[in-house]
Amino acid sequence: MIESFDTVFAPSSAIGGAISVIRVSGGQACAIAQKLLDRPVWEQPNQMRHTRILRGGQPVDDCMAVFFKAPKSYTGEDMLELHCHGGMTTVRCVLAALSEAGGVPAGPGEFTRRAFLNGKMDLSQAEAVMDVINAQAENSLRAALEQLSGSVSRRIRESEERLLNVRAAIEAAIDYPDEAEEAACASLKTDLRAAEETVAALIEEGRKGRILRDGLKLVILGRPNVGKSSLLNALLGEDRAIVTAAAGTTRDVLDERISIGGVPVRLIDTAGVREASDEAERIGVDRAKKALETADAVLLVLDGSMPETPEDEALLSETEGKTRLVVANKSDLGTCIPDALPISCKTGEGIGELVKRIEAIAAPSAQSTSAITNERHLTALERALEAIRRAGEQTEPDCIATELAEALHALGSITGTDVDAEIIDRIFANFCVGK
Ligand SMILES: Nc1nc2c(ncn2[C@@H]2O[C@H](COP(=O)(O)OP(=O)(O)OP(=O)(O)O)[C@@H](O)[C@H]2O)c(=O)[nH]1
Ligand SMILES: [Mg+2]
């Protein structure tokens, strides 16, 4: 268990590169630097200097080092950053020297956790740090950087302020019931509606934002042997899925990522849908149907070289309400289905046009200026919205106040002003060590 007063250290770059960055943060960072370095880098904060690292008086590395004086550092504490040679042995020796000098190995996300606890960033910004690292497409990266700069916090604060106005009016009505005029009550309803609209708009944006972060889930569906796996491979540009002439080749769900128009797309190849002949295939078909339930869009594949079958028609009607693209594959063998986009995985015909149509579906997310990309934030906003709506239905000031408190609590959990320690632990447990 790491204590907040411990001075922690960790390698912050992947070991094995040319240079390894090792970070140290905490009240003892300066004392540790004094023990380990043969140049007083702590005397000139923010300046990178050449120095040697000593362990038991013996040099273990020749490195560049920089000292950051609290509170002007990433964590808000005194920090030392060592840019050492990247070899395993060097890093191991430097880490051992830091430990002997009183440092404690940092857990995952310890530096960012400290930055949050010391008020250098709020919780949504801290979460954005990992989103930047994990961004799968250019637009996702842009959204994560926006969030890192505090865009989520600003939008949440707007909603919070609206609710705080309502709460002030309600408290006045509770304290001085005789003076609570009808006009004041009416303006309260207006404020409540404005708060509801702000939060609802954030949720709507957030749905698009989630796609930027997690990818547009595009499920490739169709009866057996129409060429779903061939299409997955064609879109990926590699032989990822097994393709055979036998119907019922794909059993499990395959989940592959590509970037189309700057938006991450999750391509999900599924088992051909039919009355399954054996247990494994039946499970595969169930999984295909489950994938369909959570799909953002469907890519329905038909075999264009023959007329539609009853199975095709069933799938067409099942996916009617979904955002969908219908393709008639095997156009090299003929085109019997006029309404679908003709493609051929064999010759590549129509694949470019298909990519354009996928891009058109993904485009609204690409242009999204969404502040919210995080599932946790979205869930909290939905909780807040429900509470605001319930508040709007109440007439008793006390009941309205209770719902408002619930809504404010939900919003506060996003920025971290009102959040359980357990949630904070869970968030940072997903970070990498050294970040
Ligand atoms: N001529 C032609 N054959 C194709 C085309 N696309 C796929 N095929 C063939 O169709 C057969 C089935 O292809 P798959 O990609 O395995 O079909 P699938 O829909 O994934 O099949 P299941 O996994 O069994 O549901 C294979 O023999 C492919 O070579 C195409 O555009 N033209
Ligand atoms: Mg297949």
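User: What makes the crossing of H6 past H13 left-handed?

Analyst: In this predicted model, where local features need pLDDT of at least 70, side-chain atom pairs count only at pLDDT 80 or more, and totals for chains, interfaces and linings use all residues, H6 passes H13 in a left-handed crossing, a term for the near helix being turned anticlockwise from the far one by less than a right angle, clockwise being right-handed. Residues are numbered from 1 along each chain as its sequence is written, with chains lettered from A and ligands numbered from 1 in the order in which they are written.

User: Why are H6 and H13 called roughly antiparallel?

Analyst: The axes of H6 (residues 151–175) and H13 (residues 397–415) come within 10 Å and cross at roughly 160 degrees; angles over 145 degrees count as roughly antiparallel, and the pair is therefore described in that way.

User: Which residues make the contact between H6 and H13?

Analyst: Among them are Ile156, Leu163 and Ile170 of H6 and Leu404, Ala407 and Leu411 of H13, contact meaning C-beta atoms, placed from the backbone, within 7 Å. The residues of this contact divide into 15 nonpolar, three polar and three charged.

User: Why does proline 45 count as partly exposed?

Analyst: Proline 45 has 16 C-beta neighbours inside 10 Å and therefore counts as partly exposed, since buried requires 20 or more within 10 Å, exposed 12 or fewer, and partly exposed lies in between. Proline 45 is found in the loop between helix H1 (29–36) and strand S3 (49–55), and its contacts, leaving aside neighbours within four places in sequence, are Phe67, Phe68 and Lys69.

Terms used:
Axes fitted to C-alpha atoms, helices over the stretch in contact; angles between N-to-C directions. Helix = DSSP H or I, 4+ residues; strand = E, 2+ residues; numbered from the N terminus. Parallel < 35°, antiparallel > 145°, perpendicular 65-115°, else oblique. Contact = placed C-beta atoms within 7 Å. Nonpolar A, V, L, I, M, F, W, Y, C, P; charged D, E, K, R; others polar.
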